[in-house]
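Dear colleague,

Please find below the structure that I am handing over to you, with its sequence. My notes on what was found in it follow directly after.

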Number of protein chains: 4
Amino acid sequence: MPKKIRLGILGGGGDSLIGILHRVASQINDNYEIVGAVFNPDIKESIAFAKEIDVPTDRIYKDFDTLIEEEMKLPANKRIQVCSILTPNFLHFPMALKLIENGFHVICEKPMTTSLEEAKILQKAHEKAGTVFALTHTYTGYPMVRQMREMIKKGALGKIHKVDAVYYQGWINEIIHDKKKRSTVWRLDPKKAGISSCMGDIGTHAFNMIEYTTGLKIKSLLTDFNYLYKDNKMDVDGTVLIRMGDHVKGVIRSSQVATGEENGLGISIYGEKAAFKWEQENPNFLYMLSDSKPTQIYKPGHAYNSKLSLEGTKLPPGHPEGIFDSMANIYLGVAKAIRGKNYNDGEFPTMTDGVRGMNFVEATVESNKGGNVWVELEK
Amino acid sequence: MPKKIRLGILGGGGDSLIGILHRVASQINDNYEIVGAVFNPDIKESIAFAKEIDVPTDRIYKDFDTLIEEEMKLPANKRIQVCSILTPNFLHFPMALKLIENGFHVICEKPMTTSLEEAKILQKAHEKAGTVFALTHTYTGYPMVRQMREMIKKGALGKIHKVDAVYYQGWINEIIHDKKKRSTVWRLDPKKAGISSCMGDIGTHAFNMIEYTTGLKIKSLLTDFNYLYKDNKMDVDGTVLIRMGDHVKGVIRSSQVATGEENGLGISIYGEKAAFKWEQENPNFLYMLSDSKPTQIYKPGHAYNSKLSLEGTKLPPGHPEGIFDSMANIYLGVAKAIRGKNYNDGEFPTMTDGVRGMNFVEATVESNKGGNVWVELEK
Amino acid sequence: MPKKIRLGILGGGGDSLIGILHRVASQINDNYEIVGAVFNPDIKESIAFAKEIDVPTDRIYKDFDTLIEEEMKLPANKRIQVCSILTPNFLHFPMALKLIENGFHVICEKPMTTSLEEAKILQKAHEKAGTVFALTHTYTGYPMVRQMREMIKKGALGKIHKVDAVYYQGWINEIIHDKKKRSTVWRLDPKKAGISSCMGDIGTHAFNMIEYTTGLKIKSLLTDFNYLYKDNKMDVDGTVLIRMGDHVKGVIRSSQVATGEENGLGISIYGEKAAFKWEQENPNFLYMLSDSKPTQIYKPGHAYNSKLSLEGTKLPPGHPEGIFDSMANIYLGVAKAIRGKNYNDGEFPTMTDGVRGMNFVEATVESNKGGNVWVELEK
Amino acid sequence: MPKKIRLGILGGGGDSLIGILHRVASQINDNYEIVGAVFNPDIKESIAFAKEIDVPTDRIYKDFDTLIEEEMKLPANKRIQVCSILTPNFLHFPMALKLIENGFHVICEKPMTTSLEEAKILQKAHEKAGTVFALTHTYTGYPMVRQMREMIKKGALGKIHKVDAVYYQGWINEIIHDKKKRSTVWRLDPKKAGISSCMGDIGTHAFNMIEYTTGLKIKSLLTDFNYLYKDNKMDVDGTVLIRMGDHVKGVIRSSQVATGEENGLGISIYGEKAAFKWEQENPNFLYMLSDSKPTQIYKPGHAYNSKLSLEGTKLPPGHPEGIFDSMANIYLGVAKAIRGKNYNDGEFPTMTDGVRGMNFVEATVESNKGGNVWVELEK
């Protein structure tokens, strides 16, 4: 095992929640060392934060362009190998593009870009560069999500007939019901947040969860968005009818005004032989249903699990691992890829997932605008 | 309290599941006595069954018309007061109509009729007769369903913004995947079962649950049905986007091919202040969610419950009552109505629910046929 | 199938909870008809109640002795066949004894008697009479309890090593913390309630559940009781260490001051191969655990269940049946026995269970009084 | 915030589960840097492991004594500040003692020592040294465990009357049922594992959980151990009756042969006003029960939680944190203490907990050996 991978961080300073999630995840399996960063737009704050978390301050840069410039001057064996992009959404694309073009590997928060067009530009650059690119659909790192994927691949459900995914949250309620708040928060400002709030922020996770676990591609969709007040028409709720092939249908339910729901991502997959049900808030319990046999509860760490699932579990059964561990599993897969080791194609979401995700979000907006009509996704 | 109400039974003989459900429900609160019946089309079987359950055989009739004819000859104080219609769907309408026209009270299994047109004819007859008519949407009899209704009425959720109801079952799988079975079973034969399988049989319960608990009316819907094999195009799965007013939206999910699901009726109702979640398979646990307070679990029999809920609970908290008790609560409400006593308008589903239900089923079929377009429900 | 069994009721008038439980249970499977009763000590109230529930008043007797006297004058084919004893505890023994001696079958509420001595007298009389005697340990009627018993009998758990049963309730709290209430309620008065409150009332159910499901006999026990106030030393809480054979041990936990617990009866049984976990408040979910396989959830009504379990389920999977249905299953077994039909020895608790139960209660009291020492149960 | 605390590690090399748990926990809040270690008894393996996890190899020592010797030569501002002891049980005491006597802070795995006598020696040395000492009862780091403690302290339950703690596991089954395995595994060899297996390994966690959450001290106990085979009499199961004051009683249930149980630590605490129920395998759900109000589910991250709970939660509600996060919270408290910052006395278990724990284990053995008699714990 070579030395730790040299990691750069863009964003994630101060009390950033996403910051601590990525930092901890990078450290859990002893694979990464933070060597450079632009934690904050303000270089002073950035340096102060570096000191707080005891990262050397000599490679804390004043801005992203300086980081690229200075790092490129370093010899390859000192240079940042991979950058995690944790900045506001609209910066994902330009940063990722420049990093890719300069030969850096990239770990990028979602949404990958603000449009499908950007996503495709990124995809082309990435194909050319041949570097590693990971999109942090964090929830695919859970051992039982991976277990679903592997069992479905091996035919445990038979032909899939129906998929039902949900992502319900309630936290935006306190903003949406306050006229002042809803008119000032960046998330509900289309200029800053992009074309969609609910679908872009959380619906896309549910979409990715379906494609990740089932291996099916969503071919077309029909969407109905909702908003609560006429003075702010950003979607805070939406339901998406989906079609994945002949007689394979489903639904994606997504809401930010589902009062009292905390982080209610879940999926149910119904096949000819059996079904899976899983919920993010109880991530270590995977239910397998059948019409004629007792429901089975799969849990992490047991020998009956797949290799992909077991690699994502550090302790014996009954020791709950959570979302930090899930993200850590994604970082683990990226580390393998950077080191050129064999890795399973389910170990981290890729550029392809990012392009699909943007295609999905744009299609839902188009369907809704068009009066709730069917829109095809690209193949 | 007068003597027991004289009850007639149409259908429900032999091993009929619905038969035992209604019989037990009628007996639970000591309000009814079965005095006459046509349990089976075959009079011999009908009489044998009467003996088996120890019902006097002198008023077991050879057919429905004879029952009416003979009962009408009896003095009012001997005559059947109320008839429970448990026959195959297409018989509900003619039987109910004739019963109503002859002054009998009626307890009718759902679907009330096979079309909205029939439903309206029935409604007119019923308005004229002024008798009691109950439609057995059994699940509205559960104490915690009633508790939702009462608390919502009192404003516990504030303005409702989103409703999500589901009814998933998997039992039809073994039929649908067998070419011979799916071509012979009456449920999947449009000539016998009517225009819809999944939506008519179970989706309508979810629809009714929404209107019962929230007090809101669904104004329009958009539906996508699914079937699995080209040789049988009856809907065995369908998702319905619903609108209940300005910015009040929701979804009804319904499937008979949700493998491993047993009787998965459930509802989530999200309001400005709080939310309710309830599932039929754990009927005694009602979850009330809020963004800022701990989730609360309401259970039956506690003094904190509403009168309507408490009247539907016979034992102290912690003694599970089930679906027989739920149906018994509906029979209890009907008994009060027949006896001219005050009763709450939530004690049993009425003719109005039946008309609404048929309107719903027809609208889903129309929406699906029309290419998944919005269809208005009648006001 | 012969005519309904002629049932007499002793006690259970007015708002009696146990009254409605037995009445409904007797009616659920169409096997019983109430023909005579002493519902209340006051004959007027008794008759009024009979009218209320529409039972003929001609065989409502002024007291128990009169009931025996008058019924014995009737020809055998008119006479009450079986009596349900729902009176206060101290009356169970004299009533049961006289009924048995006069050839009546008996369904008796628990505790069967107020002492082991009485229990043995009853047992002898019963052996002589050869009639049917059932003790209503209601919870053994649940389909999933029966399923445990049958699977254990067939070796599903292998050798059992450990048993853990619990019965926690909190309802006595409001009495115990009120000095006046706790000094006046009959349950906490040793003269009226007998030697034990908590162990006699609910601990005995947990004891019976262990012996019913495992087929093992508890050989010895060590008990520590608790009470909260010095002015009332009746046990309201107690823990019992139990031994069932070489290296087979366990614990019975029982409390009436377990605040917030409603009717928390449960059992966990750990064997060499697998384990069962079951809780009364979710009676339709039986968990089977193994060290190396996914946990399985058994539910009622599936073909994979045993005959004994399936006979106690009336509707398809997913239709919750509750405690009324559980008691009805016991009445169903008694009906089979009275009619001389084959019945499984697990269909209703018998005289043997009653004797064991009294032995258990007395042994816990003796152990506690003796300073928490081991006490042997009789073989 | 000063630089990272210099951490030394004793044990925990290779695939050690406890190793990764401590390493990750030390990194989660950016407070520690591993600067020295004896990961393995074999220096080559130790160095190889250091390389694998990218720890500098210059301070990887051949053994513990060398570590002390060499580190003491370093200036105070380079020297290891705190050592984590992850070695086999019998080494905890000598290592901790020497570390304390040389002025190092200590984080020690449990059991703290192999006897109460050793524990007291350690305690004296620690009092003299005035350094920081933490015992890793990991489960006290969970936010909802801390929430219980804080709410109980503020009187949320009123006077506590009954406590029921459990720790059931099944993993030893595969060893115990194999004659060869059970005669060779160190855990079941009293010479290596000490006087107790089940009580020392897991029962002590349940004991600590009671004292941590309730603030009560267990005064006396009565224990019954169990073993399965005569050729190995180490306790693999045991039940402990406990007394915590006048009329305050409870039970600790502990088993390593509870087939299918994974890591089943849980606690129920019943007070005059309300009760708490919590289970380690669903650590983010805390149930608060009352006799008259709906059960409440407390979850981490909400503003309604106490400061101590909130400090142990990094992400918003609904993002499950697990056992690594729980241990990280303990490391966070230790970091505060080492840095001389204010910290709450519930932030990490201390020397006092270690002494209490050894007292508990010895008392259970004494009670069992003495024929299940009451044994007093020291005050």
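This is a predicted model: local features need pLDDT of at least 70, side-chain atom pairs count only at pLDDT 80 or more; totals for chains, interfaces and linings use all residues.

The same surface serves both copies, since 100% of the contact residues of chain C recur in chain D.

The interface of chain C and chain D

The contact draws 44 residues from chain C and 44 residues from chain D. Between these two chains an area of about 3,500 Å² is buried, and carbon and sulfur atoms give 48% of that area.

How many salt bridges are there between chain C and chain D? The count is 10. One of the salt bridges between chain C and chain D joins Asp164(C) to Arg253(D), with the closest N and O atoms 2.6 Å apart.

On the side of chain C that touches chain D, the elements that give two or more residues are the following strands of chain C: β6 (160–168), β7 (220–226), β8 (237–245), β9 (248–255), β10 (264–271) and β11 (275–279). Of these, β9(C) gives the most, with 5 residues. Sorted by class, this side of chain C has 17 nonpolar, 14 polar and 13 charged residues.

The interface of chain D and chain A

Chain D also meets chain A, in a contact that takes 39 residues from chain D and 39 residues from chain A. The area buried between chain D and chain A is about 3,400 Å², with 56% given by carbon and sulfur atoms. Which three residues supply more than any other three of the area that chain D buries against chain A? They are Asp54(D), Glu262(D) and Pro320(D), which supply 18% of it.

There are 8 salt bridges across the interface of chain D and chain A. A salt bridge also links the side chains of Glu262(A) and Lys299(D), at 2.9 Å from N to O. Residue pairs in polar contact across the interface of chain D and chain A number 20, both residues again being at pLDDT 80 or more.

Two helices of chain D, α1 (17–28) and α12 (323–338), each supply at least two residues of the side that touches chain A. The element that gives the most to this side is α1(D), with 7 residues. By class, the side of chain D that touches chain A has 17 nonpolar, 9 polar and 13 charged residues.

Backbone features

Most residues other than glycine have a negative phi, and most peptide bonds are trans.

In chain A, the peptide bond that joins Lys110(A) and Pro111(A) is cis, with omega about -5°. Pro111(A) is found in the loop between β4 (105–108) and α5 (116–129) of chain A. In chain C, a cis peptide bond runs from Lys110(C) to Pro111(C), with omega near -5°. The loop that holds Pro111(C) is the one between β4 (105–108) and α5 (116–129) of chain C.

His247(C), which is not a glycine, has a positive phi, near 60°. This residue is placed in the loop between β8 and β9 of chain C. Is His247(C) buried or exposed? His247(C) is buried, because its relative accessible area of 17% falls under the 20% cut-off.

Asp30(D) likewise has a positive phi, of about 60°, although it is not a glycine. Its place is in the loop between α1 and β2 (32–38) of chain D. With a relative accessibility of 8%, Asp30(D) counts as buried.

A helix of chain B

The helix α4 of chain B covers residues 89–101, and its buried residues are Asn89(B), His92(B), Phe93(B), Met95(B), Ala96(B), Leu97(B), Leu99(B) and Ile100(B). An α-helix has 3.6 residues a turn, so residues three or four places apart point the same way. Just after α4(B), Gly103(B) takes a positive phi of about 90°.

With kind regards

How values were computed: Residues are numbered from 1 along each chain as its sequence is written. Chains are lettered from A and ligands numbered from 1 in the order in which they are written. Side-chain values use heavy atoms; hydrogens and water are left out. Contact means heavy atoms within 4.5 Å. Buried area is the accessible area (1.4 Å probe) that two parts lose on being put together, summed over both. A salt bridge is a side-chain nitrogen of Lys or Arg within 4 Å of a carboxyl oxygen of Asp or Glu. Helices (H or I, at least four residues) and strands (E, at least two) are DSSP runs, numbered from the N terminus. Ala, Val, Leu, Ile, Met, Phe, Trp, Tyr, Cys and Pro count as nonpolar, Asp, Glu, Lys and Arg as charged, and the others, Gly among them, as polar. A polar contact is a pair of N or O atoms within 3.5 Å; within protein, one must be able to donate a hydrogen and the other to accept it, and residues adjacent in sequence count only if both atoms are side-chain atoms. Buried means under 20% relative accessible area, exposed over 50%, partly exposed in between (1.4 Å probe, protein chains only).
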